[in-house]
Amino acid sequence: MASHRKPRTSVLASPGGRRTAAGLTTAALASVTLLSQSADAAPRAPKPTIEEVKKKVDDLYHQAELATEKYNGAKERADEQRHTVDGLLNAAAKRAEQMNRSRHQLGMFASAQYRTGGMNPTAQLMLAKDPQQFFDRSHLMERLTGRQKQAVTDYQEQAAAAAHQRVKATDSLEQLQKSQASLKESKRSVQDKLSEARQLLSRLTAQEKARLAALERQKEAAAKRKAEEEARRQQERERQRQQDGGGSTGGQTGGGSSTGDSSSTKAEQALAFARAQIGKPYVWGATGPSSYDCSGLTQAAWKAAGVTLPRTTWDQVKVGQRVATKDLQPGDLVFFFDDISHVGMYIGGGKMIHAPHPGASVREESIYYMPIYGSVRPG
């Protein structure tokens, strides 16, 4: 039987449906276009200029050097604390051995008393959970012989000394753990700063690297000119002193006391050592002989002259006599930046020998390359 139901007409097949679908498609395409245009129109961070890159890299090297000095200080503390802990542990072991001998002596008395069936206060001591309670029982102590009393006294003294030694060792171990944690944090900070600097430099094109090198040469040239100007002024001051009959005031030209001659000789020895290190690479935390950081170089140089300097720039700046920049003599230590994170050794003529930063080697350079904090004269 034939069906009288009207065939269903697709909405899309109808004229109105086609108009609707076309409208939807147009709207969708318009949306995609707008999204694409919005994405393209999103602001992009401008590429830093070479000058900005140089400043950023210099700042990162400075921060890395600051972290290096923190690392050096933490390492020095950790090494000292480890030495202290080793000594305390050895002392605690000896105390424990002495206490065990005293305990053995008490055990022999206790066994003898047990075999004879007599009173056994010594055994009570050995079995007591709290020996101090036993010692407080004076009536028991009165029943011990002189030799037994001495054994008890020895045991008491050795036990107290061993306990005190254990407390000291425990405290030192805690301090060592803190120093090691600080050491680990400083090391991570150095590595992070240097990694960021390397990434910045790796993104530069060959042309940009050439421009960066040119900027570095300009900075070095400006610092060199300032050093030469200061050297001329220093020579003029020296000539004026000679004319005024004041003689030489520096260790460079001699004519001083025997103490001054001795200091000058040490400075010459320190400088000779520093010059011999020129060309060796900067490595943070290094103290030689194949590589150095800035304070590691100055420490090693003055050590060669028989003068012991602390490890960090912050401690080295406290050693010796403070001197003004205009009065610098060869061998003096010149410190840089407000945070005193860098140091070099003055060689005269406004120049120094120093270990600059990672990627560079020990070299001569103008002291005016970086902002000067102050100077000291060791020896």
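A residue is termed buried when its relative accessible area is under 20%. In this predicted model, His354 has a relative accessibility of 1% and therefore counts as buried.

**Surroundings of His354**

His354 belongs to strand S4, which spans residues 351-354. Its side chain forms a polar contact of 2.8 Å with the side chain of His342. Leaving aside residues up to four places away in sequence, His354 touches a set of residues including Leu297, Val343, Gly344, Glu365 and Met370.

**Aromatic rings**

The structure contains one aromatic pair. The ring centres of Tyr71 and Trp284 are 4.8 Å apart and the ring planes stand at 80°, so the arrangement is edge-to-face. Because Tyr71 is located in helix H2 (residues 50-116) and Trp284 in the loop between helix H8 (258-276) and helix H9 (294-304), the pair ties together parts that are 213 residues apart in sequence. A further ring, that of Tyr369, has Lys219 over its face, at 4.4 Å from the ring centre.

**Accessibility**

| Residue | Relative accessibility | Class |
|---|---|---|
| Tyr71 | 12% | buried |
| Thr308 | 71% | exposed |
| His354 | 1% | buried |

Thr308 is placed in the loop between H9 and helix H10 (313-316). With a relative accessible area of 71%, Thr308 is exposed. The C-alpha atoms of Thr308 and Pro378 are separated by 9.1 Å, while the two residues are 70 residues apart along the chain.

Terms used: Residues are numbered from 1 along each chain as its sequence is written. Side-chain values use heavy atoms; hydrogens and water are left out. Rings of Phe, Tyr and Trp (its six-membered ring) pair if their centres lie within 6.5 Å; planes under 30 degrees apart count as stacked, over 60 as edge-to-face and the rest as tilted. Helices (H or I, at least four residues) and strands (E, at least two) are DSSP runs, numbered from the N terminus. Buried means under 20% relative accessible area, exposed over 50%, partly exposed in between (1.4 Å probe, protein chains only). A charge sits over a ring if NZ of Lys or CZ of Arg is within 6 Å of the ring centre and within 35 degrees of the ring normal. A polar contact is a pair of N or O atoms within 3.5 Å; within protein, one must be able to donate a hydrogen and the other to accept it, and residues adjacent in sequence count only if both atoms are side-chain atoms. Contact means heavy atoms within 4.5 Å.
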